[in-house]
Amino acid sequence: MKGHKQTSMKKIFYFLFAILIVFKWLVFASGCAQIIPPTGGPRDSLPPVMLGALPKDSTLNFKDNKITLTFDEYVQLDRPEEQLIISPVPKVSPLIEARLKEVTIRIKDTLEENTTYSINFGKSLKDINEGNPAKQFTYLFSTGGYIDSSTVSGKVIVAETGRPDSTLIVMLHRNFEDSVVAKEKPRYFTRLDSAGRFNFNNIAPGRYNIFALKDQGGQKMYMRNSDLFAFYDSALTIGDNNIHPVLYAFAEEPEEQRPGGARAGTTAKAAAPKKEKKLSYSTSLESNQQDLLGDLTLTFSEPLQSFDSTKLHFTDTLFQPVSGYRIEADSVNRSFTLVYPWKEEQDFRLILEKDIAKDSSGTELLKADTIRFKTKKNSDYGRLRIRLQNLDTAQHIVLVFYKGDKIEKSHSITGKDVNFTLFRPGDYEIRILYDRNSNGKWDTGNYWLKIQPEKIVSDGKKYTVRPNWDNEITVELPDAPPAEKM
């Protein structure tokens, strides 16, 4: 019995010892191991997929006024007013709602007979969890016995920059009166991609006029001559053998302004009481240095009623008058430019008497002022030589130098080499202008007079001009002017 008792005690001891070892191991493991939360699975990157439609997609002889689309996951509509394209353009837009896994379309307009309709959601149809868009998802139906399948594609370029603008829309009209673009919505419209390309699908064959427009107000009509606008010179016959037109967008000259800022043909509102103010000005000087290649400009805070140039004194450092300059005013009497043949490292004074200028309320400068400045050095500029390839002098080429979107210089081309003794340093884009009327600058178009804008080509390259350096660059000109067709 005693041996049996000892054996039992040993078993209990070994059991407790084993429990202690396991406990220590668990404590050690829990202290050293990194706790990783569950990942939740891979990220959903798939767009919603339509499982069914009632009536089904591409239904013929459509007579319903409600459409239900069912998807494989919960969906939402993101800015449908900016993305949806309904063709033909309805007089009354349908009511489109997303709820759970369904999208409901309630038609409010009277449908035309024997007409193919399409509802393109653009990028607005997305899943709820990750916002993955079903890009260009389109539902089709026809009130007749067939689905129209004609297409037309092309491109729109902003004529003044040679670049696309994806915010424009493209419109097809079947009414051929000139004024239709200002009075009626188009038969069809579509949007541009980032490269300026457009595509119309499932449209009825026939003849159309095609336009592009910066549709600021969402009216799809050409309401303001300040809006970017483009037109094609002839009607398109859309069918089996389509051309691919290229349109060049432009903004016409601003409308004539009446004195005081009211547009011609409008009634100016009563002027609000004027607050107490003072007349001030700014100059075009850079750190009190004058650009050798530019003019000195004074810009006042208000358009002036009067400017007395005899009370402007241009002198050297000894206050001796400088001759050989002239003063030019802008059209609203606000900016005044001093034109003079500058030379490097010269010191000048520009003295303004107190009563040199008055605005419409009779306000003058608070006091007389003296502007001290010095011209820049020649070494602040670079020397530039441009070699041109593929030059055709019959095309009246003008090189337009841009810094960002600002024109720094334009130069008409007469030979294959162009040399500048002084050129402002910096990074430039060079655009090629086809100067139709040889006036050395870009000219806009006019739809009502059927005048297309002059065209500019941009190669997208950057050219660097370094100061105090002999800079040489080669510009390869296009083999031909921009085409009217792709």
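The model is predicted: local features need pLDDT of at least 70, side-chain atom pairs count only at pLDDT 80 or more, and totals for chains, interfaces and linings use all residues. Residues are numbered from 1 along each chain as its sequence is written, and side-chain values use heavy atoms, with hydrogens and water left out. The chain has three helices and 35 strands. Both are DSSP runs numbered from the N terminus: helices are H or I with at least four residues, strands are E with at least two.

**Whole chain**

- The chain has 486 residues, and 37% of them count as buried. Buried means under 20% relative accessible area, exposed over 50%, and partly exposed in between (1.4 Å probe, protein chains only).
- Among contacts with a separation of 6 or more, 68% link residues 24 or more positions apart. A contact means heavy atoms within 4.5 Å.
- The accessible surface comes to about 28900 Å², and carbon and sulfur atoms hold 51% of that area. Areas come from the Shrake-Rupley method with a 1.4 Å probe; for residues, only the protein chains shown count as cover.

- Two strands pair if DSSP finds at least two bridges between them.
- Four bridges connect β20 (residues 296-300) with β24 (residues 335-339), and the two run antiparallel. Here Leu-298 stands opposite Phe-336 of β24.

**Pairing around β2**

- β2 spans 66-71. Its antiparallel pairing with β1 has four bridges. Leu-54 faces Thr-68 of β2.
- β2 also runs antiparallel to β6 (residues 102-106), joined by five bridges. Leu-69 has Val-103 in β6 as its bridge partner.

**Nonpolar patch**

- Tyr-74, Leu-100 and Ile-128 make a nonpolar surface patch of about 320 Å². Patch residues have over 30% relative accessible area and no salt bridge; nonpolar side chains (Val, Leu, Ile, Met, Phe, Trp, Tyr) are joined within 5 Å, like charges within 9 Å. A salt bridge is a side-chain nitrogen of Lys or Arg within 4 Å of a carboxyl oxygen of Asp or Glu.
- Tyr-74 sits in the loop between β2 and β3 (75-77). Tyr-74 is partly exposed, at 46% relative accessible area.

**Backbone exceptions**

- Most residues other than glycine have a negative phi, and most peptide bonds are trans.
- Leu-54 and Pro-55 are joined by a cis peptide bond, with omega about -10°. Pro-55 lies in the loop between β1 (50-54) and β2.
- The bond from Ser-87 to Pro-88 is cis, with omega near -10°. Pro-88 is placed in the loop between β4 (85-87) and β5 (95-99).
- Ser-287 is not a glycine, yet has a positive phi of about 50°. Ser-287 lies in the loop between β18 and β19 (289-290). This serine counts as exposed, at 70% relative accessibility.
- Asn-288 has a positive phi of about 60°, again without being a glycine. Asn-288 lies in the loop between β18 and β19. Asn-288 is partly exposed, with a relative accessible area of 48%.
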